[in-house]
Amino acid sequence: MHSRSPTTRTVTYVLLGLASALFVVPFIWLISTSLKPIEQATSLPPTWIPRAYIATLSGGLRTEVSLDYRVNQSGVVGTLIQGEHQGDRVFLSDEQLAKNPAALRVEYKVLPGWWHVTQRIEKKSGHDQPKWDFLPNERIESHIHLRWRNYPEALSRLDGGTDDQASLQAKHRVSFWRFLGNSLIICVFGVAGTVVSNAIIAYGFARIQWKGRDAFFALTLATMMVPFPVLMVPLYSVFKAFGWIGTLLPLWVPAWFGSAFNIFLMRQFFLGIPEELSEAARIDGCSEWRIFWRIILPLSKPVLATAALFHFLYAWNDFMGPLLYLTRKETFPLSLALQSFQSQVGGVEWHYLMAASAVTTLPVIILFFFAQKTFIRGIATTGSKS
Amino acid sequence: MTRREGKNLFNGLAFTSLWIIGLAVFTAYPVLASLYYSFCDYSILKGAVWSGLENYIELVHDDLFWKSLRNTLVYTALSVPLGTIVALALAMLLNAEVRGKSFFRVVFYLPSIVPIVASSMLWLWILNGQYGLLNGLLGPVLHLFGKTPPAWFTDPTWAKPALVLMSLWGTGNAMVIYLAGLQNVPRELYEAAEIDGATGWRRFWHVTLPSLRPVIYFNVLMGMIGAMQIFTQAFIVSDSANGQTGTFDGAPARSLLFYTIYLFTTAFHDLRMGYASAMAYVLFIIIAALSYLATRLSRDGD
């Protein structure tokens with residue numbers, strides 16, 4: 001609209017700025033968390049920039065540490081020289097010492113507000129106990145550090161296993177690549193089926209006059225009204241009868257037999273292609289198949305791209321289908337693997353969970369930036385033509 | 001039938017043959033079988049035994065059925081109007097000839113293509129009661145008033161609003177449709193309104209909104225049908241609240257026991273497939289009735 005006052009323009013920009021901040025912040029939080037050490041992810045107040053903490057431990061060792069908690073009372077760190085825990089390195093608060101005096105070789109005194117820190121040792125480096133200490137703020141430095149290591153660590157544990165040697169060698173481990181491969185099989189075979197089958201079917205509805213066609217098309221549109229839960233139980237028994245339960249087949253084979261929405265979408269597009277093109281070809285003796293293949297298809301790339309794109313998104317996102325039909329971890333696509341990972345580590349390893357979520361999201365974001373026009377046009381046409 | 005007609009019929013059937021098979025196997029048979037099962041006592045382990053109206057009668061007396069229906073209607077009644085308002089407001093902002101329009105459009109649209117499993121994880125984290133970002137920001141402010149922020153997904157009162165909040169983040173798809181609709185409103189209408197002295201809200205009520213009615217109708221209808229079948233987000237959140245117990249009872253305190261969750265549990269956990277089919281048909285009827293109502297409301301304005 002035109003002739004807007006400067007005030008209106010300013011208000012518009014302020015509102016747009018606020019709204020886009022609200023939409024972007026969750027993404028930033030996802031990436032930020034995925035690059036933090038876990039104790040920073042679960043520290044309050046929330047911090048935005050991932051950091052690494054370097055401390056000089058007692059004994060002079062300078063190393064990356066995790067900040068575990070702040071002690072709220074004074075005490076001492078030392079080694080027990082008597083009793084059944086002789087030789088253990090412990091922290092005893094002044095109160096504990098007063099109540100229960102222990103024989104102790106004192107290393108140093110601890111004041112309230114000091115941090116309990118633990119040395120970060122690389123995974124798989126043996127059986128060393130990580131060294132811990134109590135340190136005042138001054139002995140801890142921090143710098144910005146993006147923990148990209150979280151990503152391979154998260155993906156290697158996506159099947160719910162841990163990083164210790166015994167688990168890594170176990171035969172039942174499923175790798176991230178397997179999950180990704182399953183997702184790609186469902187998506188690629190499904191997209192191919194969607195494009196091929198719906199184009200052929202829509203041609204039959206749009207470009208050939210035959211008895212019963214319009215009634216059949218009306219029936220086709222009517223099936224769009226059926227909610228999936230109505231089909232759920234019998235579909236399961238159909239796939240069970242085919243012996244497909246536990247395989248990826250129920251997730252992509254049906255795409256090869258058309259879908260009402262895509263038939264509708266492509267039919268609309270085919271109807272817009274001038275009939276004279278087909279007539280001229282028919283006079284030249286072309287078969288319907290040749291007309292479809294040589295004339296209609298080459299003109300229909302935009303609608304084929306739209307259908308392909310939206311099926312890819314649907315198949316990549318689909319959670320209910322895999323949940324219904326898949327039973328073994330080796331057959332899980334990424335969506336189901338991510339959920340089952342969350343179910344096992346949820347509430348603890350948020351940094352890994354965010355890293356795995358980012359990886360699951362990345363392909364659709366990349367796809368969006370490559371096919372932005374197709375996306376926007378696709379949504380706009382599906383929305384306004386229906 | 002002429003030779004030409006016969007040939008056309010053959011070609012038409014040949015081109016649509018894949019769909020004839022697909023429709024029969026993946027839609028028509030399931031729709032009919034489901035109807036039949038809804039009158040049967042049926043589990044996947046043993047065959048279907050006719051039981052008349054028993055399933056439907058049991059439904060009427062099933063507290064969980066009513067609970068799940070109420071939960072679903074509450075969620076729909078919150079998420080659809082709010083989603084419509086947010087999407088429409090964003091589209092109007094973008095339609096105001098601003099610079100960087102395509103940038104903002106991307107920003108608003110992107111969340112809607114984030115896989116729902118991933119966005120559920122993200123919102124579980126943002127809305128985490130203890131360490132979540134939202135409570136980290138809200139906490140200090142509410143503290144001034146002597147209050148504490150809710151635990152969102154683990155609090156029966158706040159779990160549904162939390163899901164609504166999450167759905168608003170994914171409203172970009174509807175926004176793009178509204179934006180396209182706004183761009184199709186004939187300029188002459190605005191010019192005529194301007195001559196009549198209509199500005200601001202009056203122009204919105206009398207020009208923009210009536211022109212958008214078909215688009216709003218379409219979006220509300222689709223949004224409603226989708227919301228009535230909400231499953232994945234609720235399933236994931238509920239499972240997380242339950243902590244790996246393998247039962248999907250709509251935790252916390254059944255506040256997330258939505259219709260489709262209850263149906264899924266009945267069919268594939270309790271293996272009561274006849275009862276689940278009856279539930280599915282009741283849902284079908286409810287959705288059809290709501291669609292009819294929406295269509296009537298949209299036409300009454302003419």
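A residue is buried if 20 or more other C-beta atoms lie within 10 Å of its own, exposed if 12 or fewer, and partly exposed in between. Asn11(B) is 280 residues away from Ser291(B) in sequence, and the two C-alpha atoms are 36 Å apart in space. The model described here is a predicted one.

**Where the chains meet**

The two chains share an interface. On one side, 73 residues of chain B take part, and they are in contact with 75 residues of chain A. Which element supplies the largest share of the chain B side? Helix α2(B) does, with 14 residues. By class, the chain B side holds 54 nonpolar residues, 16 polar ones and three charged ones.

Two packed helices are described by the angle between their axes and the distance between the axes. The table gives both values for two pairs.

| Pair | Residues | Angle | Axis distance |
|---|---|---|---|
| α2(B) and α14(B) | 17–37 and 273–300 | about 115 degrees | 7 Å |
| α4(B) and α11(B) | 63–94 and 200–228 | roughly 150 degrees | within 9 Å |

Take α2(B) and α14(B). Their axes pack at about 115 degrees, so α2(B) is roughly perpendicular to α14(B). The crossing is left-handed. From α2(B), the contact uses Ser34(B), Leu35(B) and Tyr37(B). From α14(B) come Met273(B), Gly274(B), Ser277(B), Ala280(B) and Tyr281(B). Five residues of this contact are nonpolar and three are polar, while none is charged.

Now take α4(B) and α11(B). These axes cross at roughly 150 degrees. On the α4(B) side, the contact is made by Thr72(B), Tyr75(B), Thr76(B), Ser79(B), Val80(B), Gly83(B) and Thr84(B). On the α11(B) side, it is made by Ile216(B), Asn219(B), Val220(B), Gly223(B), Met224(B), Ala227(B) and Met228(B). The residues split into seven nonpolar and seven polar, with no charged ones.

**Nonpolar cores**

In soluble globular proteins, nonpolar side chains tend to be buried together. The largest nonpolar core here has 149 residues. Which of its members touch the most others? They are Ala202(A), Tyr203(A), Met266(A), Ala356(A), Met175(B) and Tyr178(B). Helix α6 of chain A, residues 176–206, gives the most to this core, with 12 residues.

Setting aside neighbours within four places in sequence, Ala356(A) is in contact with Ala154(A), Leu155(A), Leu158(A), Leu338(A) and Phe341(A).

There is also a second, separate core of nine residues. Its members include Val65(A), Val110(A), Trp114(A) and Trp115(A).

**A histidine in chain A**

His311(A) lies in helix α13 of chain A, which spans residues 301–317. Is His311(A) buried or exposed? His311(A) counts as buried, because 22 C-beta neighbours lie inside 10 Å. Leaving aside neighbours within four places in sequence, His311(A) is in contact with Gly190(A), Val191(A), Thr194(A) and Ala255(A). Ala255(A) is 56 residues away from His311(A) along the chain, yet their C-alpha atoms are separated by 8.9 Å.

**Backbone details in loops**

Chain A has a cis peptide bond between Leu44(A) and Pro45(A), with omega at about -5 degrees. Pro45(A) is in the loop between α2 (38–41) and β1 (51–56) of chain A.

In chain B, Trp152(B) has a phi near 50 degrees, a positive value in a residue other than glycine. Trp152(B) belongs to the loop between α7 (133–144) and α8 (159–169) of chain B. With 25 other C-beta atoms within 10 Å, Trp152(B) is buried.

Leu271(B) also has a positive phi, near 55 degrees, and is a residue other than glycine. Where does Leu271(B) sit? Leu271(B) is in the loop between α13 (259–268) and α14 of chain B. Leu271(B) has 14 other C-beta atoms within 10 Å, so Leu271(B) is partly exposed.

Technical notes. Residues are numbered from 1 along each chain as its sequence is written. Chains are lettered from A and ligands numbered from 1 in the order in which they are written. This is a predicted model: local features need pLDDT of at least 70, side-chain atom pairs count only at pLDDT 80 or more; totals for chains, interfaces and linings use all residues. Axes are lines fitted to C-alpha atoms, for helices over the stretch in contact, and angles run from 0 to 180 degrees between N-to-C directions. Helices (H or I, at least four residues) and strands (E, at least two) are DSSP runs, numbered from the N terminus. Angles under 35 degrees count as roughly parallel, over 145 as roughly antiparallel, 65 to 115 as roughly perpendicular and the rest as oblique. A crossing is left-handed if the near helix is turned anticlockwise from the far one by less than a right angle, and right-handed if clockwise. Two residues are in contact if their C-beta atoms, placed from the backbone, lie within 7 Å. Ala, Val, Leu, Ile, Met, Phe, Trp, Tyr, Cys and Pro count as nonpolar, Asp, Glu, Lys and Arg as charged, and the others, Gly among them, as polar. A nonpolar core is a set of buried Ala, Val, Leu, Ile, Met, Phe, Trp, Tyr and Cys residues joined through C-beta atoms within 7 Å.
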